[in-house]
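Welcome, and take a moment to look over the sequence and the model. We will walk through it together, one part at a time.

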Amino acid sequence: MPLILGIVLFVSWLSIAFYPSKGDYMATNTGWNGLRGLAQSVGPRVVDSIDAAGQDEKGKVLISIPGQPFTQQESDLIGAFLRNGGTLLLADDFGYGNQILEALDVQIKFTTDALVDPYLNYRNQWFPRIMDIAPDMQAAGVRSIILNHASALEVTGPYEILASSSDTSYLVADEAATEGLKGPFPVAARATLGRGTVIVVSDASLLVNSSMSLDDNLAFVKALVSFAGENPEVIIDGSHLSKTPLDLARNFWDKAKGLMAAPYIQVLLVGAILALTSIPVWRKGRSNGRL
Amino acid sequence: MTGRLLFAMLLATAAVLGSVSPATAFSAQDDPSTAPWVYDGVSVLQKHTEVISYVILADNAAVAELQDQASHANIPPALRGSVSDFLVAGELMATQIKNIKSDLSEAGRYLSQFRPADAQAKSESVALGLQQASAYLATIELASTQTAGWWNARMANVGSPLRLASDDLDAEFLRLRRLLDFLLAQNIALREQEQGMNAGTLRATELTLNAQPDTAYVGDDVDFSGTLTSSGTGLGGKSITILVDGSPAFTVLTAVDGSYLGSMAIPYRYVSQMQVEALYVPADRDLGLYLGSQSPGVKLNVLFYQTSLFLQDIGNSYPGRAASVRATLSYGGAPLPAERSVQVQWDGVLLADMKTGQSFSFDLPDSAVGTHRLAIYVTAQKRYSPASLSRDVNVVNAVTTLRLSTPGMVLLPFGANIKGNASSSFGPLENARVKIQLGKWETTALTRPDGSFDARLNTGFSLTLIGGQDLNTTVLPTERWNGAARRTDRMVVVNLVNLLALLAALAIVAAYAWRLRRNLARIRPPVPAPESVPLPVPVASNLQGDSETQTLGPGVESRQTLAALYGAVLRAILSFTAAVIGPSRTLREVADDLAPKLGPFAGPFRQLTLLLEKDLYSPSRVSDTDTAAGAELGRTITQGVGRANR
């Protein structure tokens, strides 16, 4: 029984440490729903918590895919990040994006209904093709983008609309609905908040690997990121992503590794290893009695 | 059983680790590469209806936009051809209807001017256009029938969205056909009016026009003269309208002999030629008496001073960095004006409004990175033509060059000194923030006035042993015009603590292995052939314990008498009985294992084993009596076992 438990633990550890994540929006996920492509194109680093905002956040882009709610402290820190010149790229469809927009007092809302376009789309209506692109984005080489099970934006403030759906698009309350409020609807907008910028996109799937090769999605994402300036530092907020058990276990393992790398712990570990390897030497007398 | 349990547990672990996030009200996303192709007939037919609506409105530009849009639409491959035919024919038809409407309007105007010949020409053009439009309509109808047929739209349930879309399309086609019928009826009515005019008693008129001079500067006066006659007789008191490029410029009355004379300042339109015509349209008492007429056109050569605007090469502009732009005005060989009015716009917003001489300059506003539009307008001034110019100005950050001097290898937990220099095309970067990151360790530094910086990257403990790691260096300049720079260098990271610990562990293991081997060698001396195994013979001197070097038998030292004796006896037993002893057996286990083979000698062998255990483990020394007893036991066992196995 201890042997079986050992094998199971070892296989689990191998999976946690080396098996690529299959979770949505995971930076290590090379599958269609991961962010590996984004990681390779804009070189972001993933943070597991929003715990501090620096004095000068100019040149930094925080990409948030809010699959989990924000605490008041996190909202305050994001507000401070923006006040200090940072850029927030909020990509969401049916998550907790509205919570942070309300906290930041940005007059943009994600619709609770889904955006479909039965005419201008890729494969089917759940992949609307967006062709009404702002001149700034067109200058960056963006002619059209493809969304993936997106929502839309209700923009009531004086903000710049970066992209809108077509007049054949509409909003549906559920997946079986065949009609709803008619488009066009904004799907990407930019708001200036003090020294900072909030970019809101009504589809987080725009960032996943399988989206990067569709139409001008990659150029669009790069153009959004470049609002923070040339060579911006891109940070992905990993703390609000919906995680699979494997991702949670990997986070735990990463934290454990970090803990083990602490000086005192490491000294203890080294000592323990040396002690373990020396045990047979201490037991020499007994071993001598064996052939 | 164990295997099944292991498999079940591994399966359960994989299920837990591999499970995905919980679903939301809508699918958050789907794999585009495996998503099903779904073609929506309703939207395609609705777009067709929209196209027909624009055709009816003769809005060919709108149809062209829909054509472009359709190239990105999700349309079944089998229908791509017919949809394309529909849209191409639709755009041509919209253009045709636009021309027909224009020609009908022109023909109506000619008739109102009592110019039946001109009206007839237009009417014939309309008839030709209608024929062409009918051909386009046939193409459009065929294409839409194919499209609707692909979805069986006309056979769909009444009231269903597909059937409604199909019915709407049919209704729009009906409107289009009605429009063509209406246009045809209009043309027929015009033809009848023309014929009525030609067949009636209206008298034809002729109108001539002369212009003097035929070459003049804008604003200068030009005299016009001519005659209005009917069958060679001058018509007096008639109103003649002078048209300049088709637009009425002024009106004069003919004298009694039908002649007219007038003067007009050439409009301030800076074109090289203008077309001037005289037009007579019967009015009042002349209605029903004379036909209208238009003179042959007279070309007027127009002179003006051409203004040329030149802008210095702006190149790139930089945010936060003042940039002045200089422009000059040139007039060829013409006399220079005292001043000109100039307006400058930046992205459509007025930047400067000034009076200037031959050259002027202005500052570009501080703008964000991107492409901006600069436009300059020089207002027309009498004989001086206007001029305008626009340029795209790229506002960019200057590229920052980052040079680094790194040690190439970092020893953990010690740090590394990193030096470098940052500069751009504007010179060294002062007070730029340099962030250096190696794994989880990070340090920052500020650049000096010459752009150089020194940084100490303090590291710490880590689980790594040895390997390559990226050193990421980022420079964030304080000046807005300088861009951030980032570079990545590969460094070898050696963790001295872990490496030394590993070496120590290896050394301990090696030492242990060496010692174990040595001890084994002591217990098991070289084994001679069974036939030559000498029986142990106690030596008197050894029994007396006066010498540590005397031997009890060949190869056996006196201090290890019992151990050697036991070894020799054991080898003899093994050679005689061919027994095999398993690894890592204790002395007593060996005695137990050999007991069945030894028979009556099992007891003496156990006694010999106990004597050896006493020698090895007891804190008190073995007595000479014990040694002698051991020798006796050995002799008894070897002789007995030897006899029994011969």
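Is Arg190(A) buried, partly exposed or exposed? At 21% relative accessibility, Arg190(A) counts as partly exposed; here buried means under 20% relative accessible area, exposed means over 50%, and partly exposed lies in between (1.4 Å probe, protein chains only).

Before going on, a word on how to read this. This is a predicted model, where local features need pLDDT of at least 70 and side-chain atom pairs count only at pLDDT 80 or more, while totals for chains, interfaces and linings use all residues. Residues are numbered from 1 along each chain as its sequence is written, chains are lettered from A and ligands numbered from 1 in the order in which they are written, and side-chain values use heavy atoms, with hydrogens and water left out.

Back to Arg190(A): its side chain meets that of Glu160(A) in a salt bridge, at 2.8 Å from N to O. A salt bridge here is a side-chain nitrogen of Lys or Arg within 4 Å of a carboxyl oxygen of Asp or Glu. Glu160(A) sits in strand β11 (residues 160-164) of chain A and Arg190(A) in strand β13 (residues 186-193) of chain A, so the pair ties together parts that are 30 residues apart in sequence. Helices (H or I, at least four residues) and strands (E, at least two) are DSSP runs, numbered from the N terminus. Glu160(A) is also partly exposed, with a relative accessible area of 27%.

Over all chains, the structure holds 27 salt bridges. Another one joins Glu172(B) to Arg175(B), again given as N to O, at 2.8 Å. Both residues belong to helix α6 (residues 161-199) of chain B and lie 3 residues apart, about one turn of the helix. Glu172(B) is buried, at 9% relative accessible area, whereas Arg175(B) is partly exposed at 43%.

Now let us turn to where the two chains meet. Chain A brings 71 residues to the contact and chain B brings 65 residues, contact meaning heavy atoms within 4.5 Å. Between them the chains bury about 6200 Å², with 61% of it on carbon and sulfur atoms; buried area is the accessible area (1.4 Å probe) that two parts lose on being put together, summed over both.

How many salt bridges are counted between chain A and chain B? The count is 2. In one, Glu233(A) pairs with Lys435(B), their closest N and O atoms being 3.1 Å apart. This pair crosses between chains, from strand β15 (residues 233-237) of chain A to strand β23 (residues 433-438) of chain B. Glu233(A) is buried at 11% relative accessibility, and Lys435(B) is buried at 12%. Lys47(B) also forms a salt bridge with Asp167(A), the closest N and O atoms being 3.5 Å apart. Asp167(A) and Lys47(B) are linked with Glu50(B) in a network of salt bridges.

Finally, visit helix α11 (residues 602-617) of chain B. Its 16 residues reach 22 Å from first C-alpha to last, close to the 22 Å expected at 1.5 Å a residue, the expected span being 1.5 Å times one less than the number of residues. Among the buried residues of α11(B) are Phe605(B), Leu608(B) and Leu612(B). The buried residues of α11(B) pack against α9 (561-577), α10 (587-598) and α12 (624-645) of chain B.
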